[in-house]
Amino acid sequence: MRARTAKRGDTTLFWLAMTISVIGLFYILDAGYAQSMRIGAGILPKPFIQQIFALIASVGAFFVLRNVSPGGWKKFAPWGIGTAFFLLILVEKMGTTTNEATRWLRIGPLQIQPAEFMKVASVLYLAGVLAKKKEWDETWEQRKKEKTLEAAVVIPKIRRLLPGFLILLAVAMIEHEKDIGTACIVLVTAMAMFFSAPMTTKSKVIVPALLGVCLLGAVVKEPYRVSRFMVHPNRWLREHINDESFQTIHSELAMASGGIVGTGIGTGRAKHLIPATTSDFIMATVAEECGVWGPWLCLGIVGAISMRLLQLAQKTEDKFKKLFMSGVAWWIGVQACTNMLMANATIPAIGIPFPFVSAGGSSLLALWIAIAISDRLSWSTAAEAAEKEVANARRRNRRGNRRTRLSST
C-alpha cells in the first residue's frame with residue numbers, strides 16, 4: 001500500500017518532455033517534406049522517420065532508467081563519463097565524416113553522435129564529484145599537519161581541479177571533431193555546476209577567465225571559425241550571401257517574414273533553401289510559418305522544463321540530486337537560447353540543435369536519459385523507502401526459492 005501511495009517521479013517533467021518531442025516531430029515533417037519530395041524520397045522525410053524511432057527508443061529508455069536508484073546513478077557516474085570518453089576515442093579512430101566534420105560513429109545500421117551523450121555523462125559525473133567536495137578552508141585543519149607546502153596546498157589543489165581538467169579534455173576532444181557548439185554547451189554547463197559547488201572567490205574569478213581563454217583559443221585554432229565570426233557582421237554583402245552566410249541570412253529572412261501570425265503551415269520558403277532545415281535551423285520554418293508564437297511556444301515549453309528542474313533541485317537537500325537537476329536545467333536552457341540566437345542571426349552559426357525539436361536521435365536520447373535520471377532523483381523519500389522494501393522482498397523471495405525443499409513424505 002505504501003508503494004502505491006508514495007509519490008513516484010514527476011509527471012509534469014515527463015509530459016512537458018513528451019509534448020515538446022511530439023511538437024518537434026510535427027515540425028521536422030513540415031520542414032523536411034519539401035526536400036524529401038525534391039530528391040524523390042517521398043513525402044515522409046528520412047529525418048522524420050528516424051526521429052519517430054528515436055522517440056520510441058527514448059521513451060523506452062526513460063521507463064527503464066527511472067528504475068535505477070540514486071545510489072546506482074552515483075556509482076555509475078565515473079563509468080558513464082568513462083564510456084563517453086571511450087566513444088569519443090572511437091570517433092577519433094573510426095568515425096564517419098560529413099562536411100569535413102568527424103562526429104559520428106556507425107554501429108551496424110545505426111549512426112550515433114557520442115558528443116551528445118557526453119553532455120549527460122559530464123553532468124552526472126560532476127554532480128557525483130562536486131557533491132562530495134568540501135570548502136577549501138574546511139580542510140585546512142587536516143592539511144596543516146603536512147610537513148611540506150606541496151603536500152599541504154599544491155597536491156590537494158590539483159586534486160580539486162582534476163574534474164575540471166577532465167571536462168576540459170572532453171571539450172577539447174569534441175572541439176577536435178569540429179563540433180564547437182556541443183563543446184561550448186558542455187563547457188558552459190560545467191561552469192554553471194562549478195559555481196554551484198564550494199569555491200573560493202579567487203577560483204570564481206580565475207577559472208572562468210582560464211576557460212574563456214581556452215574557448216577563444218578553440219575558435220582561433222580553426223581559420224574557418226575566425227572567418228565565420230569576422231564575416232557575420234557583414235553577412236548581407238553580395239560576396240557573402242551565397243557563401244558562408246547562406247543559411248544564416250535565409251533563416252533570418254524567414255524569421256522576419258513570419259511576423260506575428262506567420263505565413264501558414266506548409267507555405268514557408270526557408271525549407272526549400274536551407275540545407276539544415278530539420279536540424280540546426282528548424283526554427284526558421286517554425287517562425288516563418290507560425291509567426292512569433294511558434295518559437296515562443298517551443299521556448300516556453302523548454303523553459304518550463306528547465307524551471308521545473310530548478311524547482312525540484314531547490315526542494316531537495318541532497319547535494320548530488322540538486323547538482324544534477326540544476327546542471328540539466330542549465331544544459332537545456334542554454335542550448336535552446338543559443339539555437340534561437342543562431343537561427344535569428346544574433347550570433348554566427350555554430351551547429352547547435354534546439355532541444356527535443358531538432359532532428360537528431362542521439363540528441364533526443366541523451367535528453368530523455370537526463371529527464372529519466374531527474375525523474376528518479378525527484379522521487380519522494382517515502383517512495384524510495386517503499387521501492388527499497390519491494391526490492392528487499394523480491395530478494396528474500398529469490399533466496400527462498402533457491403532453498404532445498406524437503407520432501408513432505
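How many salt bridges does the count come to? The count is 7, taking a salt bridge as a side-chain nitrogen of Lys or Arg within 4 Å of a carboxyl oxygen of Asp or Glu.

Before you click on anything: this is a predicted model, where local features need pLDDT of at least 70 and side-chain atom pairs count only at pLDDT 80 or more, while totals for chains, interfaces and linings use all residues. Residues are numbered from 1 along each chain as its sequence is written, and side-chain values use heavy atoms, leaving out hydrogens and water.

**Stop one: salt bridges**

Select Glu 175 and Arg 225, whose side chains meet at 2.5 Å, N to O. Glu 175 sits in helix 7 (residues 149-176) and Arg 225 in helix 10 (residues 223-231), so this bridge ties together parts 50 residues apart in sequence. Helices here are DSSP runs (H or I, at least four residues), numbered from the N terminus. Both Glu 175 and Arg 225 are buried, where buried means under 20% relative accessible area, exposed over 50% and partly exposed in between, with a 1.4 Å probe and protein chains only.

Next, pick Lys 271 and Glu 289, bridged at 2.6 Å, N to O. Lys 271 belongs to helix 13 (residues 270-273) and Glu 289 to helix 14 (residues 282-290).

**Stop two: aromatic rings**

Now show the aromatics; the whole structure holds 8 pairs. Rings of Phe, Tyr and Trp (its six-membered ring) pair if their centres lie within 6.5 Å, and planes under 30 degrees apart are stacked, over 60 edge-to-face, the rest tilted. Zoom to Phe 62 and Trp 368: with centres 5.7 Å apart and planes at 85°, the pair is edge-to-face. Phe 62 is in helix 3 (residues 46-65) and Trp 368 in helix 17 (residues 361-377), 306 residues apart.

**Stop three: helix 4**

Finally, select residues 70-94, the 25 residues of helix 4. Find Phe 76, where the helix bends by about 45°, with Pro 78 following within four residues; the bend is the angle between axes fitted to the seven residues ending there and the seven starting there. The rings of Trp 73 and Phe 76 are edge-to-face, with centres 5.9 Å apart and planes at 80°. Trp 73 is buried at 5% relative accessibility, whereas Phe 76 is partly exposed at 39%.

Technical notes. Helix = DSSP H or I, 4+ residues; strand = E, 2+ residues; numbered from the N terminus. Expected span 1.5 Å × (residues − 1).
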